[in-house]
Amino acid sequence: MGNTAKKNIAVLGSTGSIGKQALDVIRQHPDKFKAALLVANNSWEALCAQALEFNADDVVICNGEHFHKVKEALEGHGISVHEGMGAVCDLVSKPEIDIVLTSMVGFSGLESTVAAIKAGKTIALANKETLVAAGSIVMSMAKKSGSRILPVDSEHSAIFQCLQGANGATVERIHLTASGGPFRTWEKTRIAAAKREQALKHPQWNMGNKVTIDSATMMNKGLEVIEARWLFDVSPERINVVVHPQSIIHSMVEFADGAVIAQLGHPDMREPIQYALGYPERLSLTNKKIDFAQLATLTFFAPDTEKFPALQLAYKALEKGGNMPCIMNAANEAAVSAYLKDIIGFYDISDIISSCMDEAGFIADPGLDDIYRTNTEAFCLANRKIDRKNRA
């Protein structure tokens with residue numbers, strides 16, 4: 001495809017936070033991008049509205065209960081309607097699709113991402129869990145198929161952008177910045193009693209519920225550490241987390257001579273999304289620009305792993321390797337879901353993850369089928385622990 005042709009984008013998770021911001025990027029550059037395929041799980045009305053606005057070629061509603069409603073709403077508009085994850089995997093593999101933006105939340109994003117990688121597609125990766133659960137397997141597949149994985153997470157996009165100016169120099173350390181979440185300044189006893197409504201009030205970013213709770217526990221940063229290890233082929237001891245409440249510096253790369261390159265910008269996910277979709281070209285974006293005279297101060301702190309133990313659990317899982325990050329991720333998904341339903345307390349999340357990591361079956365060199373089985377088994381184990389805790 002020449003530079004003048006539009007890139008056909010598949011937006012997986014189009015009705016979520018990242019998906020909607022990706023569509024805003026496409027809206028700003030209709031000469032560059034076409035939203036060719038839109039995928040949602042349950043939000044069928046929003047999916048239909050998006051499909052009509054962007055004149056999508058195909059839409060998939062993963063929850064088959066809504067299929068006929070979507071089919072009826074889009075009848076006569078020349079938009080093909082499909083249902084289920086099998087359809088997603090088939091459609092992302094079509095030769096017409098240029099870039100697959102994977103923004104489905106959780107482990108559910110793995111299957112479609114693997115299908116797109118096997119088809120050699122460029123992946124704009126916003127689904128952390130793909131590399132957390134199966135990093136070694138996924139990166140090996142990408143190397144084999146020639147698929148290019150471009151990060152969409154603001155932190156990983158920042159590292160990727162910093163590396164553009166490295167001219168191949170060896171990376172000494174990666175510094176992943178973290179906002180610290182809504183409980184950064186709270187005492188541990190107060191955090192222990194925190195309710196979902198408080199945990200969902202993120203001070204900087206507008207994200208979906210799952211990611212926002214992960215930010216509050218700092219598991220989100222733990223997932224990003226694991227993701228960075230695979231994206232940039234950097235050993236865990238060279239990945240440092242630093243709390244930066246202003247969220248202006250999105251991450252930094254340090255080199256052997258002590259020089260540090262940082263990427264800065266206002267907290268706006270459209271910038272890293274657009275960088276991935278437009279790469280290697282930088283496009284204009286209607287977003288807030290930095291006024292350095294108004295920044296006042298930028299502050300940095302070491303993470304408090306006593307108040308936020310989830311971060312250390314991620315390092316522990318990465319050190320153990322094998323299917324351990326998948327066990328950790330599955331337990332986290334189950335625990336966060338329970339916390340959002342007010343079934344368990346805030347620190348129960350990390351306690352449940354830790355005990356699942358101790359008890360679930362460990363596989364040192366898992367295949368993809370092992371990863372799927374591990375996810376199911378660890379998720380069920382975590383839910384049994386949640387049930388026992390709830391009955392106690």
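**Figure 1. Contacts of Val 59 in the predicted model**. Leaving aside neighbours within four places in sequence, Val 59 is in contact with Leu 37, Leu 38, Leu 47, Ala 51, Val 70, Leu 74, Ile 79, Ser 80, Val 81 and His 82. Val 59 belongs to the largest nonpolar core, which holds 134 residues. Within this core, Val 59 and Met 328 touch the most other members. Helix H14 supplies the largest share of the core, 12 residues.

**Figure 2. Packing of helix H6 against helix H11**. The axes of H6 (residues 128-145) and H11 come within 8 Å of each other and cross at roughly 20°. Angles under 35 degrees count as roughly parallel, and H6 and H11 are therefore described as roughly parallel to each other. The crossing of H6 past H11 is left-handed. On the H6 side, the contact is made by Lys 128, Glu 129, Leu 131, Val 132, Gly 135, Ser 136 and Met 139. On the H11 side, Asn 220, Leu 223, Glu 224, Ile 226, Glu 227, Trp 230 and Leu 231 take part. By class, the residues of this contact divide into seven nonpolar, three polar and four charged.

Figure 3. The relative accessible area of Asp 233 is 61%; exposed means over 50%, so Asp 233 is classed as exposed.

**Figure 4. The loop between helices H14 and H15, with Asp 342**. Helix H14 covers residues 324-340 and helix H15 covers residues 346-359, with Asp 342 in the loop between them. Asp 342 is a residue other than glycine with a positive phi, near 60°.

Figure 5. The buried residues of H12 are Arg 270, Pro 272, Ile 273, Gln 274, Tyr 275, Ala 276, Leu 277 and Gly 278. Pro 280 lies in the loop between helix H12 (270-278) and helix H13 (310-320).

Notes: Residues numbered from 1 in each chain as written. Predicted model: local features only at pLDDT ≥ 70, side-chain atom pairs only at ≥ 80, totals over all residues. Heavy atoms only, no water. Helix = DSSP H or I, 4+ residues; strand = E, 2+ residues; numbered from the N terminus. Buried < 20%, exposed > 50% of the residue type's maximum accessible area, 1.4 Å probe, protein only. Axes fitted to C-alpha atoms, helices over the stretch in contact; angles between N-to-C directions. Parallel < 35°, antiparallel > 145°, perpendicular 65-115°, else oblique. Left-handed = near helix turned anticlockwise from the far one by under 90°. Contact = heavy atoms within 4.5 Å. Nonpolar A, V, L, I, M, F, W, Y, C, P; charged D, E, K, R; others polar. Core = buried A, V, L, I, M, F, W, Y, C linked by side-chain atoms within 4.5 Å.
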